[in-house]
Amino acid sequence: EGFAAMNKSVTSIAEDVGRPPDEIQRSACVLVVLDPTSGERHLEDDVPPLEGNMERIVAGLRDLQEAGADEVILVLSPINEASIRTLEEVLVLMDRE
């Protein structure tokens, strides 16, 4: 939701200044919580993390893609080898779809 609204705003500003909106790359930074008990990262109430099972995380990343994100920067919690290996499963699922 937040990304889609911000993306729309960026498009509007680009048009207002005469720049083609499709020339602007859009990126999103997403906190992906793989273990909510880790307490490694402070969670903001107004910026919910992406969390849940692998299918839910894939769906959240797809939502960002559909909202216009050209790239997504993933911040993992916790940031450790197990999280990185788990995220590999997410990327494999995304490649299959």
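A residue is called buried when its relative accessible area is under 20%. In this predicted model, the buried residues of helix α2 are Met 54, Ile 57, Val 58, Gly 60, Leu 61, Arg 62 and Leu 64.

**Helix α2**

- Helix α2 runs over residues 54-66, 13 residues in total.
- Its end C-alpha atoms lie 18 Å apart, and this agrees with expectation because 13 residues at 1.5 Å a residue should span 18 Å.
- At the start of α2, the backbone nitrogen of Glu 55 has a side-chain oxygen of Asn 53 within 3.2 Å.
- After α2 comes Gly 68, which has a positive phi, near 110°.

- Leu 64, one of the buried residues of α2, is in contact with Phe 3, Ala 28, Val 30, Ala 69 and Val 72, leaving aside neighbours within four places in sequence.

**Nonpolar core**

- The largest nonpolar core has 15 residues.
- Within this core, the residues with the most contacts are Val 32, Leu 50, Ile 57, Leu 61, Leu 64 and Val 90.
- Two or more residues of the core come from each of β1, α2 and α3.
- Helix α2 gives the largest share, five residues.
- As background, nonpolar side chains in soluble globular proteins tend to be buried together.

**Val 33**

- Val 33 belongs to strand β1.
- The relative accessibility of Val 33 is 4%, so this residue counts as buried, the limit being under 20%.
- Not counting residues up to four places away in sequence, Val 33 touches Leu 43, Pro 49, Leu 50, Glu 51, Gly 52 and Ser 77.
- One of these contacts, Leu 50, is also among the core residues with the most contacts.

**Glu 1**

- Glu 1 sits in the segment before α1.
- With a relative accessible area of 90%, Glu 1 is exposed, since the threshold for that class is over 50%.
- Glu 1 and Asp 63 are 62 residues apart in sequence, and their C-alpha atoms are 9.0 Å apart in space.

Methods: Residues are numbered from 1 along each chain as its sequence is written. This is a predicted model: local features need pLDDT of at least 70, side-chain atom pairs count only at pLDDT 80 or more; totals for chains, interfaces and linings use all residues. Side-chain values use heavy atoms; hydrogens and water are left out. Helices (H or I, at least four residues) and strands (E, at least two) are DSSP runs, numbered from the N terminus. The expected span of a helix is 1.5 Å times one less than its number of residues. Buried means under 20% relative accessible area, exposed over 50%, partly exposed in between (1.4 Å probe, protein chains only). A polar contact is a pair of N or O atoms within 3.5 Å; within protein, one must be able to donate a hydrogen and the other to accept it, and residues adjacent in sequence count only if both atoms are side-chain atoms. Contact means heavy atoms within 4.5 Å. A nonpolar core is a set of buried Ala, Val, Leu, Ile, Met, Phe, Trp, Tyr and Cys residues joined through side-chain atoms within 4.5 Å.
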